[in-house]
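Biologist: I would like to learn how to read a structure like this one. Please show it to me and take me through its features.

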Amino acid sequence: MRKRRAEKREFSPDPKYGSVLVTQFVNSLFRKGKKSIGEKILYRALDQIAERTDKTGLEIFEQAVENAKPIIQVKSRRVGGTTYQVPVEVRSDERLSLSIGWLITFARGRGEKTMSQRLAGELMDAAGGRGRAMQRREETHRMAEANRAFAHYRW
């Protein structure tokens, strides 16, 4: 066991929108330490969303992240040689990171030509309550609901 918990890092707001959420998303988005490219991809996606809808890109982005957050999930718990899928509530910081991770993962798997187009599509779908990230959230909730009988094994 660790001696102490890792400290939570403070994120500085991004330069364009002044949003900490955008910074966290960009940090999850880029690969090989190329933050400037991650920022360009997200900013282009938000601009495309603003062109396609009557709302600002940032509003749609925040709505998408909020919609994709899971409330409850299952965790494996071993009791007397048997492993149970025990439903547990998700911590708020973990909710956010799961939501961001799903949005990015499913955006990468889409069929559009550029990453900014894929991301824009996935964000708009999630904001509208559809899309792969929303399916994953519903799937997670269904699993937890199906295993509600094992809730008494929570720790």
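Biologist: Which residues line the largest pocket?

Modeller: First, the term. On a 1 Å grid over the protein atoms alone, a pocket is an open set of points with protein on both sides within 12 Å along at least five of seven lines, and a cavity is a set where a 1.4 Å probe fits but cannot get out. Lining residues have an atom within 4 Å of a point. Here the lining is Glu 7, Lys 8, Arg 9, Phe 11, Gln 24, Asn 27, Ser 28, Asp 93, Glu 94, Leu 96, Ser 97 and Ile 100. Its volume is about 370 Å³, counted as the space filled by probe spheres set on the points, with points joined across faces, edges and corners.

Biologist: Which helix gives the most to that lining?

Modeller: H4 does, with 5 residues. H1 and H4 each supply at least two. Helices (H or I, at least four residues) and strands (E, at least two) are DSSP runs, numbered from the N terminus.

Biologist: What should I know about the source?

Modeller: This is a predicted model: local features need pLDDT of at least 70, side-chain atom pairs count only at pLDDT 80 or more, and totals for chains, interfaces and linings use all residues. Residues are numbered from 1 along each chain as its sequence is written, and side-chain values use heavy atoms, without hydrogens and water.

Biologist: How many residues does the largest nonpolar core have?

Modeller: A nonpolar core is a set of buried Ala, Val, Leu, Ile, Met, Phe, Trp, Tyr and Cys residues joined through side-chain atoms within 4.5 Å. Buried means under 20% relative accessible area, exposed over 50%, and partly exposed in between, with a 1.4 Å probe and protein chains only. The largest core here has 33 residues. Those with the most contacts inside it are Phe 25, Leu 42, Phe 61, Leu 103, Leu 119 and Leu 123. H1, H2, H3, H4, H5 and H6 each supply at least two residues of this core.

Biologist: Which residues does Leu 42 touch?

Modeller: Contact means heavy atoms within 4.5 Å. Leaving out residues up to four places away in sequence, Leu 42 touches Val 22, Phe 25, Val 26, Leu 29, Phe 61, Leu 119 and Leu 123.

Biologist: How many aromatic pairs are found in the whole structure?

Modeller: Rings of Phe, Tyr and Trp (its six-membered ring) pair if their centres lie within 6.5 Å; planes under 30 degrees apart count as stacked, over 60 as edge-to-face and the rest as tilted. The search finds 3 pairs. In one of them, the rings of Phe 25 and Phe 61 have centres 5.0 Å apart and planes at 90°, so the pair is edge-to-face. Phe 25 lies in helix H1 and Phe 61 in helix H3, so the pair ties together parts 36 residues apart in sequence. Phe 25 is buried, at 0% relative accessible area. Phe 61 is buried at 0%.

Biologist: Why is the pair of Tyr 84 and Phe 150 tilted?

Modeller: The planes of Tyr 84 and Phe 150 are at 40°, with ring centres 4.8 Å apart, so the pair counts as tilted. Tyr 84 is in strand S2 (residues 82-89) and Phe 150 in the segment after H6, 66 residues apart. Tyr 84 is buried at 19%, whereas Phe 150 is partly exposed at 27%.

Biologist: Is Lys 32 buried or exposed?

Modeller: Lys 32 is exposed, with a relative accessible area of 82%. Lys 32 lies in the loop between H1 and H2.
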